[in-house]
Amino acid sequence: LVFTDMTGPPASEADWPKPCVVDGGIRPDDSVADIYRAERAKINPDIASQNTHDGTINHQPGTGVGQTGSDLKVPGGFRRGYLHTKADEDEIDHGSRPKEWAARLRIADPVAWALEQFDEYEKGGLEDLLRPRGRMPQLGTAGLVIGVMKSMIGPAVLYLPQAFADCGTAFALITLPLVGALTWWCAMRLVKCRQKIDAHLTYSGVMEHAFGNIGRQCCDLSLLLSQMSFCVSEMIFVIHMLRYLLPGRPTWVLVVVQLPVLVPLSWIRSVTSLSATNLLANVLVAVSLSLVMWVMVKDFSEVGTAPGVVPYRHLWPIYLGTAVFVFEGIGLVLPLYEVYDKPMSFGLVFGICMALIVLLFAVVATLGYWVYGPGVDTILLLTISRDAAGVGWTSEALYCVVLLCTFPFQLLPASRILEQKILGIHPSQDRHSKFSPLRACFRTTIVLTCALVAYFCESQFAHFISIVGALCCVPLAFIYPCMAHAAIGGDGAWADMAMAALGAALATFTMVENLRHW
């Protein structure tokens with residue numbers, strides 16, 4: 001406790017206790033400044049409030065810094081808010097401030113934290129984003145590793161064993177690392193675009209800088225389709241899980257039972273508000289994947305390789321779309337790069353993470369195919385449930401919870417794009433805006449659209465995943481980064497054009513082959 005004489009506040013701020021900097025911090029005496037300010041306000045009501053119209057405290061225009069009620073109500077929140085305010089007044093950028101002042105989400109959910117920073121910075125259009133700004137708050141290497149792993153590893157890894165069965169082990173083990181390497185290379189082209197532009201830009205912002213409004217519209221369309229497709233795939237995943245857990249129910253019932261959970265979650269508009277469900281999903285994914293690995297290793301040690309396993313099969317075009325689909329985190333590369341505290345090492349750390357992810361994918365897919373053979377289900381858990389009912393049931397239940405938790409996070413980018421295009425509501429308004437029945441109805445319509453697509457496509461899940469990979473993921477992962485890099489004037493334009501042409505050919509061929517075998 002700090003005891004102060006409250007018989008009367010000092011007449012001016014000059015008489016307030018002065019801050020004393022000790023080891024990069026500020027002495028606790030500074031906390032009484034807010035008390036003096038409150039007492040002065042009682043004596044002189046004409047003193048301007050320190051609260052802004054949008055609910056933030058001491059928000060400095062152009063810096064993207066503000067402490068909301070949710071930030072202040074946690075332990076140490078008021079002190080962090082005051083320290084950031086003083087740093088703003090002294091024009092100290094975020095990168096020079098102690099890491100202890102950072103938001104509490106930084107390590108627990110680095111992806112949500114990184115996107116929250118973009119929510120603060122992306123207030124207007126391209127012209128506003130290109131204005132000089134201070135550095136964003138910084139994320140350490142551990143946070144970056146967690147963020148990359150979280151953005152790339154999801155339920156899609158369970159689709160790979162069946163994809164390996166489509167093309168054979170040898171073909172899959174050659175092409176999967178190749179797809180991972182190309183994903184990393186193209187992501188680095190996107191980062192180089194950001195470095196050349198030298199401004200805080202999202203993926204769509206980079207495309208707008210390279211090609212104008214048409215570039216932004218194309219990127220937004222691909223992001224919209226990919227995120228809605230991810231949501232549809234998660235709903236289909238849950239349909240298949242519920243069909244095993246609730247046998248005999250028609251498909252429409254398995255779709256409808258998800259809506260009472262998914263519709264209210266879709267109304268959440270703040271990335272920060274989704275951090276709790278996202279963190280729970282991360283823990284459950286780790287537990288579920290560990291159970292799956294344990295069962296497969298146990299079965300492989302007991303029975304060995306299943307009959308019918310071959311090195312090559314002719315359905316490899318279906319596999320290619322799925323292989324691109326599983327590397328679904330390209331949209332989070334720039335937000336993570338912006339907040340990483342060692343930008344020169346970003347490519348190395350990201351590359352190491354990608355190598356580990358490819359290794360994990362290859363182990364899960366190979367074991368799943370070798371142990372269960374060509375008859376492995378599109379979703380690996382369904383096959384495990386037949387062989388190890390207890391573990392399989394537990395893993396299915398956990399993954400159902402995971403998908404319900406991550407659904408609103410996957411839907412959020414699509415909802416924001418549609419709201420901006422149709423309702424004229426910019427994403428930066430989400431942080432402090434009140435509940436809107438219009439927006440709730442709008443997002444409910446989006447969820448119902450996803451449910452309708454899931455109902456009609458669930459019987460052809462493998463083809464749906466492959467088509468999404470070809471139509472939505474290939475442009476985002478391979479085509480757009482290379483085209484933007486070439487347009488902005490980066491080195492190696494011939495390699496960019498070759499990669500973009502290869503991506504276009506891959507997307508067209510894969511989509512046609514999937515439609516032919518539908």
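Author: Apart from its neighbours within four places in sequence, Thr366 is in contact with Phe164, Thr169 and Leu173, where contact means heavy atoms within 4.5 Å. The model is a predicted one, in which local features need pLDDT of at least 70 and side-chain atom pairs count only at pLDDT 80 or more, while totals for chains, interfaces and linings use all residues. Residues are numbered from 1 along each chain as its sequence is written, and side-chain values use heavy atoms, with hydrogens and water left out.

Thr366 belongs to helix H17, residues 346-372; helices (H or I, at least four residues) and strands (E, at least two) are DSSP runs, numbered from the N terminus. Thr366 counts as buried because its relative accessibility is 10%; buried means under 20% relative accessible area, exposed over 50%, and partly exposed in between, with a 1.4 Å probe and protein chains only. A polar atom of the Thr366 side chain lies 2.7 Å from the backbone oxygen of Ala362.

The surroundings may now be widened to the nonpolar core. Such a core is a set of buried Ala, Val, Leu, Ile, Met, Phe, Trp, Tyr and Cys residues joined through side-chain atoms within 4.5 Å. The largest one has 128 residues, of which Phe327 and Phe346 touch the most other members. With residues up to four places away in sequence not counted, Phe327 touches Met152, Leu176, Val179, Gly180, Thr183, Met354, Ile357, Val358 and Phe361.

Leu280 is located in helix H14, residues 275-303, and counts as partly exposed because its relative accessibility is 40%. Leu280 and Val402 stand 122 residues apart in sequence, yet their C-alpha atoms are 7.6 Å apart in space.

The chain as a whole gives the setting for these details. The protein chain contains 22 helices and four strands. Of its 518 residues, 55% count as buried. Among contacts in the protein chain with a separation of 6 or more, 79% are between residues 24 or more positions apart. The protein chain exposes about 22200 Å², and carbon and sulfur atoms supply 66% of that area; accessible areas come from the Shrake-Rupley method with a 1.4 Å probe, and for residues only the protein chains shown count as cover.

How values were computed
Polar contact = N/O pair within 3.5 Å; in protein donor to acceptor, adjacent residues only side chain to side chain.
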